[in-house]
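Colleague: I would like to learn how to read a model like this one feature by feature. Could you take me through it, giving the general idea before each case?

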There are 2 protein chains.
Amino acid sequence: MSARPDLSTLSAALAPGMVVTDPDILSAYRYDRANDPDAGTPLALVRPLTTEDVQTAVRWCAEHRVPIITRGAGTSLSGGSTAVDGAVTISTEKMRNLTIDTGTRTAVSQPGMLNAEVKAAAAEHGLWYPPDPSSFEICSIGGNVATNAGGLCCVKYGVTTDYVLGLQVVLADGRAVRLGGKQLKDSAGLPLTKLFVGSEGLLGIVTEVTLRLIPQQASACTVVGSFPSVRAASEAVLAVTSQIRPAMLEFMDSASINAVEDMLKMGLDREAGAMLVAQSDAPGPAGAAEVELIEAAFSSCGAAEVFSTSDAAESEAFTHARRAAIPAVERMGSLLLEDVGVPLPALPDLIDGVEAIAADNRVVIAVIAHAGDGNTHPLIVHDPNDADETARANAAFGQIMALAISLGGTITGEHGVGRLKKGYLRDQVGDDVMELTALLKSALDPDGLLNPGVLL
Amino acid sequence: MSARPDLSTLSAALAPGMVVTDPDILSAYRYDRANDPDAGTPLALVRPLTTEDVQTAVRWCAEHRVPIITRGAGTSLSGGSTAVDGAVTISTEKMRNLTIDTGTRTAVSQPGMLNAEVKAAAAEHGLWYPPDPSSFEICSIGGNVATNAGGLCCVKYGVTTDYVLGLQVVLADGRAVRLGGKQLKDSAGLPLTKLFVGSEGLLGIVTEVTLRLIPQQASACTVVGSFPSVRAASEAVLAVTSQIRPAMLEFMDSASINAVEDMLKMGLDREAGAMLVAQSDAPGPAGAAEVELIEAAFSSCGAAEVFSTSDAAESEAFTHARRAAIPAVERMGSLLLEDVGVPLPALPDLIDGVEAIAADNRVVIAVIAHAGDGNTHPLIVHDPNDADETARANAAFGQIMALAISLGGTITGEHGVGRLKKGYLRDQVGDDVMELTALLKSALDPDGLLNPGVLL
């Protein structure tokens, strides 16, 4: 990038108002929810409506060697859409077409639709789009694809990539390609659809997603257990998962229970060391057997109290409590969100290790987890105005990722590497995989214009 | 490649007997089950035991610019492992270590294990590896990964890629990388694990696979319907799939019913125009409701006879009949195997169209299908010694793929493009995707040494 390019040619190529240079509006697009203090300011903001609009913007950027930050709803919490000085931010927020095709049981969605909106539209036809990040009411499908987002039901129903049948993607040179489609099985050519899911916007901009829908989930029974210690609860997780595959198995430690209780005042057990929320959606007697098995596993691992319900509103209250943990803990200070995952048997060691890291660094770390698949979210609380505490929080942030790697796990299960975790990726995957990653990146984006600073 | 390289340096670098140059043995490795008449003869055969052996062989080939054909069990039916003159064939048949880890519910398998062996080992621990190609007793896990193989239960349980958590891959320069692992969720870095599943050996050689296992399937009820016409049966497929997601929904036309009956003599209805075999594995009353729904759908679409059973042996007999269709039809002549798939509502038009193409070209085409996911296998029968018939069979082969593409479908749902379908891939995916494919190939294998002639 040389001199500041003439944005009027970009504005002229797109519909009036689609290119924004108003500094007040631009400043609202500096940060995403990771609140990276190093955020820059966009050169311009583009809010396209169509794939062709995205192509026009990308071609202009390619011609002028202007980097592009693609932004969904800004909720990855990894800093994936933090603005960069001199780069154009393309926000997909206005790309909101969605059609449900009941014949093929698919949804075709532009990236700006929220996850909850896709779920609701599918439900109108008795269909279900399972992936359910806790942020499902505010996160976008485009961002879900970029990060290969997970959620609570993924322990049984899989993550975003398992539901993506097709994509339209604008490449770094402005060409648009269609990958996959509405067919349920497709082995024709390299698995390019899968390559783009979870690629964090490094290889192209997703402008349309074809999602597989499945029949609506049967009503679920919920089992809640409160445990004297995190160790007891994490052992109960293994006791359940070694026998059945629950439809949900979520963990909250004492700090997150209390933060949620402060916010929601729903009568959670403030004295508990940890809480588990499990669900079974197996129909009829099979479901009853699963509930019994979960109750027995909780009790045998020392649960002080075990409560079951098949009432939908009661079930939703506990699921909502778990989902509310991030905003609830956020009220205690700024958060560094961990997303570390380990093979299931290592879960107790991971959670114990996080407790020790919190003590060592004298920071509050509230732990919530999609425990049934070994994916945990230690939330490191700190005051960004307290330099010493922030330094200790950052130290803990790195130590937790190192711990997960040492246990054979991953630094991110569902939020992506973004900017915040990229310093730790090499430790997990090694030099050769980093080189392979760079090779693919430069094959598809030789000028490095797409999401510079993310992942690499 | 210049002068014939000195194979003694390759032999010396590997264990005695691991490199084979005996012409009699080499000739047995010329063809795979696609019986491509253009098969060459391997320069040498390498049968490695370990990842390090594969690395040694690949490094030698890279140094001498000798192409490599990777061969699993040779059962893709797309010509993916046909030998090439002057190329080394690396057969993974002796790479047969397998461990089941019940704690993480994973299998770690070398590529030479057969699919059935992985299933059996998992079952010993009450676990299940779902993907079930009809050839599951003779196809290898390495080949399953290379083609992203499917099968009968995939309509409900997904295909190979849905179960691959991690890989070890030897790259074209001989480096070995580990991708993914035993963690169930992993968003760290580009989704490289997924990139290699279904890449048909073009990007690297898979030397170890980590597979997700799930709890053993509940016992299934089977519903068999015989229909007056293929149209009636394919409409019954839609009547079922628009309401539930069966655990299996398989189709056989009259020609395949009769071929199977000739071979197995099990009393199939030779007069039927088509037969469907469906299964429900939903437990208890939910399963009974699904069976009832399938029976009703079959009847309302004109089934002459509908038969249900919850007897495991009876169920297996019908599943076995469906699986036996390819070898049974093979007894009528040489086969060109189609693997076309379409979005489900287009299934009746696809099957009708195949019937018309058979008549137009005066060839027998027996049709079997994983109907529940729109993936069909028209089997084009011909006598390779009859040049005219072979020409008509080849014409039909192309016309069926063109038909599938025109219906919004794919030329291959689960067998891969291999050599036999590569002339048709561009028509499906377009010039830009072909260029993207070539870009990725040359980024990872700049000298084009891995499986030359496959896919590209």
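**Reading a helix, a core and an interface**

Modeller: The elements that cover the buried residues of helix H9 of chain B include strand S13 (248-253), strand S14 (274-280), helix H11 (312-323), helix H12 (325-330) and strand S17 (364-370) of the chain. Cover here rests on contact, meaning heavy atoms within 4.5 Å, and the elements are DSSP runs numbered from the N terminus, with helices (H or I) of at least four residues and strands (E) of at least two. This is a predicted model, in which local features need pLDDT of at least 70 and side-chain atom pairs count only at pLDDT 80 or more, while totals for chains, interfaces and linings use all residues, and side-chain values use heavy atoms, with hydrogens and water left out. Residues are numbered from 1 along each chain as its sequence is written, and chains are lettered from A and ligands numbered from 1 in the order in which they are written.

Colleague: Which residues of H9 in chain B are buried?

Modeller: Buried means under 20% relative accessible area, exposed means over 50%, and partly exposed lies in between (1.4 Å probe, protein chains only). In H9(B), residues 254-264, the buried ones are B:Ser256, B:Ile257, B:Asn258, B:Ala259, B:Val260 and B:Glu261.

Colleague: Which residues touch the most other members of the largest nonpolar core?

Modeller: In soluble globular proteins, nonpolar side chains tend to be buried together. A nonpolar core is a set of buried Ala, Val, Leu, Ile, Met, Phe, Trp, Tyr and Cys residues joined through side-chain atoms within 4.5 Å. The largest one here has 179 residues, and those touching the most other members are A:Phe251, A:Phe298, A:Ile365, B:Phe251, B:Phe298 and B:Ile365. Leaving aside residues up to four places away in sequence, the contacts of B:Phe251 include B:Val230, B:Met275, B:Leu276, B:Ile351 and B:Val367.

Colleague: How many residues of chain A are in contact with chain B, and what area do the chains bury?

Modeller: In chain A, 76 residues are in contact with 76 residues of chain B. The copies meet through the same surface, because 100% of the interface residues of chain A are also interface residues in chain B. Between them the chains bury about 5,600 Å², 64% of it on carbon and sulfur atoms; buried area is the accessible area (1.4 Å probe) that two parts lose on being put together, summed over both.

Colleague: How many salt bridges does the rule find across the interface?

Modeller: The rule, a side-chain nitrogen of Lys or Arg within 4 Å of a carboxyl oxygen of Asp or Glu, finds eight across the interface of chain A and chain B. One of them pairs A:Glu414 with B:Lys185, the closest N and O atoms being 2.8 Å apart, and A:Glu414 and B:Lys185 are both buried. Another joins A:Asp432 and B:Arg175 (3.0 Å, N to O). A:Asp432 is partly exposed, with a relative accessible area of 26%, whereas B:Arg175 is buried at 19%.
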